[in-house]
Amino acid sequence: MKSDELQHRFTIPATPEAVVSHLMQPQSYVGLNGLVVAVRDIREEDGATAYTAIERLPLLGFHFHSPLKVRVRSEKDGSRFIMEVDTRGGVQVRIVTDLSPAPEGATADDTITLTAAAPVRWYARKQARAGQLHRARTLAARFA
C-alpha cells in the first residue's frame, strides 16, 4: 500500500501545553474531526491512551457508523501530539502535531501520513485533508 503525506501549519490562541492537554482527552475528538460523533472504551495501553471513536459516514444519502481504533500520546516534553487511527477499511492514519510557542499562542505544524489501498486512497486522502483543515479551525475556535 502506498502512503501520502499532508502538511498544514496554523496558529492556535493557547499555549502548546494547553493544546496538547486538550488533544490528549479522548472526548475532545468529538467535533474535532467533523465526522466523529462519540468515543468509547477508553483505556491506557503501553504508555498511550487508546479508545474507539465512532465516525458517522454519509453513503448514498444514508449514514452508517464506523468504529475507528485510536491511540494518542504526547512526546517531546508535551510539545508533540501523536494520533494513530486504524479503520475497518484498512486505512491507517498517523497525525503528528508539533507545537511551538508563538506571540499569538502556539504554532502547530500538523503532518498526516495516510496509508491506504489504491481503490480507496483518493477518497481517504480527500477526507484526511478535509479533517486536517476542520481540526485547525475547530482548535482555533475552541481556544478563542
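Reader: Hi! Which residues of helix α1 are buried?

Author: In this predicted model, the buried residues of α1 (residues 16-23) are P16, V19, V20 and L23. Buried means under 20% relative accessible area with a 1.4 Å probe, protein chains only, and helices are DSSP runs of H or I with at least four residues, strands runs of E with at least two, numbered from the N terminus.

Reader: Why are those four on the same side of α1?

Author: They cover an arc of only 95° around the axis, which puts them on the same side. The arc is taken from the directions from the helix axis to the C-beta atoms.

Reader: And what covers them?

Author: The cover includes β1 (2-12), β4 (62-75), β5 (80-86), β6 (92-102), β7 (105-116) and α2 (118-143); contact here means heavy atoms within 4.5 Å.

Reader: Quick check on the ground rules: what pLDDT do you need?

Author: Local features need pLDDT of at least 70 and side-chain atom pairs count only at 80 or more, while totals for chains, interfaces and linings use all residues. Residues are numbered from 1 along each chain as its sequence is written, and side-chain values use heavy atoms, with hydrogens and water left out.

Reader: Thanks! Now the sheet: what is the strand order?

Author: It is an open sheet of seven strands, β1-β7-β6-β5-β4-β3-β2, with antiparallel pairing. Two strands pair if DSSP finds at least two bridges between them. β1 and β2 (36-45) stand at the edges with a single partner strand each, so one side of each has no neighbour in the sheet.

Reader: How many bridges join β5 to β6?

Author: Seven, and the two strands run antiparallel. R80 stands opposite D98 in β6.

Reader: Changing topic: how many aromatic pairs are there?

Author: A search of the whole structure finds one. The ring centres of Y29 and Y51 are 6.4 Å apart and the planes are at 70°, so the pair is edge-to-face. For Phe, Tyr and Trp (its six-membered ring), centres must lie within 6.5 Å; planes under 30 degrees apart count as stacked, over 60 as edge-to-face and the rest as tilted.

Reader: Are those two tyrosines, Y29 and Y51, buried or exposed?

Author: Both Y29 and Y51 are buried. They are also among the residues with the most contacts inside the largest nonpolar core, which has 33 residues. Such a core is a set of buried Ala, Val, Leu, Ile, Met, Phe, Trp, Tyr and Cys residues joined through side-chain atoms within 4.5 Å.

Note on methods:
Buried means under 20% relative accessible area, exposed over 50%, partly exposed in between (1.4 Å probe, protein chains only).
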